Amino acid sequence: MEKNIAVIKGDGIGPEIVNEAIKVLDKTAERFGHKFSYKEVLMGGCAIDAEGTPLPQKTIDVCLASDSVLLGAVGGPKWDTLPGDQRPEKGLLGIRKALNLFANIRPAKLFAPLADACPLKKEITDKGLDLVIVRELTGGVYFGKHTTFEEDGVTVADDDMRYHDYEIERIIRVAFDMAKKRSGKVSSVDKANVLDTSRLWRKIAHSISEENPDVQYNDVLVDNCAMQLVRDPSQFDVIVTENLFGDILSDEASMITGSLGMIPSASLGEGSFGMYEPIHGSAPDIAGQNIANPIATILSASMMLRYSFDMGKEADAIDDAVNKVLAEGYRTGDIMSEGMKKVSCSEIGSLIADRI
Ligand code: IPM
Ligand code: MN
């Protein structure tokens with residue numbers, strides 16, 4: 001198969017980790033007889049520097065004309081003082097919206113060779129840790145009106161949190177479909193004891209749950225969910241939640257697996273098109289030193305093959321290669337432990353590519 005991939009390397013460690021993912025994709029293409037072509041476009045801080053905007057129209061056009069998008073990370077201290085609507089992060093939110101990528105899939109799974117890096121007690125992780133967070137990605141407070149104004153002599157900031165019923169319905173359906181391919185359990189996370197958006201969310205979730213009696217369903221309040229994730233993560237299979245809660249819970253879920261540097265994500269819309277990126281940030285403090293962990297980006301490339309290109313075997317080959325390299329004791333600095341072999345970003349990328 002021939003596929004066109006739009007590539008947004010972004011800022012900080014973005015370029016180095018994306019280069020390793022491309023190395024692995026090229027090896028996979030060679031091994032399985034595919035051809036992947038890449039078109040690089042700018043988004044985030046580098047786009048602000050080059051074109052004066054975090055999300056140039058050309059970037060949206062190239063992405064829309066491609067089969068999928070591979071993204072590194074955006075942002076950094078250099079652009080932190082810009083007004084909210086001109087920051088690199090605005091480019092990321094803008095592209096999610098422009099490409100209508102409303103479903104963000106963030107798996108959190110314990111890698112057996114990294115079990116020691118998990119901060120939870122062994123008796124907790126012995127019960128297993130393999131869950132997926134389905135995060136709503138194009139609605140809620142992220143996309144409400146943000147205003148700061150003066151009123152009666154005081155400064156007021158206002159962020160509008162809004163959900164339409166159809167936005168809730170389509171993301172809940174993604175979660176139920178995913179649960180059917182896994183162990184058949186959906187936990188819907190909200191704050192229905194306080195928020196109207198959550199009460200609407202819960203009502204819609206219940207009606208979809210009634211249509212799907214084969215899927216086990218429960219409601220979990222977001223504060224309780226944060227606590228349950230560290231108390232007993234084995235109780236979760238698919239967690240579905242709104243944008244901001246999903247942002248927070250997915251960082252927590254990734255940490256309990258041992259490293260933020262290991263967790264990939266897929267952002268999907270209605271069809272097979274998707275954008276794939278690690279869930280970690282641009283880590284400007286270690287940028288350009290060839291020490292970042294590219295595994296989350298490499299696993300994001302694997303998700304691209306699985307979800308957008310229907311290349312399950314190829315994706316398995318990448319996942320297996322990552323597991324092999326970890327089992328052989330190779331580690332980047334963030335997941336390094338005693339007795340292991342410390343390697344650079346490009347070295348671990350090559351080691352993974354060699355095992356495909
Ligand atoms: C993420 C990030 C983004 C988000 C930021 C960079 C805007 O934290 O993808 O989780 O909050 O969605
Ligand atoms: Mn986040």
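At 5% relative accessibility, E277 counts as buried (under 20% relative accessible area, with exposed meaning over 50% and partly exposed in between, for a 1.4 Å probe and protein chains only). The side chain of E277 meets that of R96 in a salt bridge with an N to O distance of 3.7 Å, a salt bridge being a side-chain nitrogen of Lys or Arg within 4 Å of a carboxyl oxygen of Asp or Glu. This pair links distant parts of the chain, 181 residues apart, with R96 in helix 4 (residues 88-98) and E277 in strand 12 (residues 274-278); helices (H or I, at least four residues) and strands (E, at least two) are DSSP runs numbered from the N terminus. R96 is likewise buried, at 4% relative accessibility.

The model is predicted, so that local features need pLDDT of at least 70 and side-chain atom pairs count only at pLDDT 80 or more, whereas totals for chains, interfaces and linings use all residues. Residues are numbered from 1 along each chain as its sequence is written, and side-chain values use heavy atoms, with hydrogens and water left out.

In total, 21 salt bridges are found. Among them, R162 pairs with D160, the closest N and O atoms being 3.5 Å apart; R162 is exposed at 52% relative accessibility, while D160 is partly exposed at 28%. Salt bridges that share partners join D80, R87 and E89 into one network.

An automatic or database domain assignment divides the chain into domain 1 (1-109 + 258-356) and domain 2 (119-256), whose C-alpha centres lie 24 Å apart. The contact (heavy atoms within 4.5 Å) takes 21 residues from domain 1 and 24 residues from domain 2. The two domains bury about 2,000 Å² between them, 60% of it on carbon and sulfur atoms, where buried area is the accessible area (1.4 Å probe) that two parts lose on being put together, summed over both. F102, R106 and A108 supply 31% of the area that domain 1 buries against domain 2, more than any other three residues.

Technical notes: Chains are lettered from A and ligands numbered from 1 in the order in which they are written.
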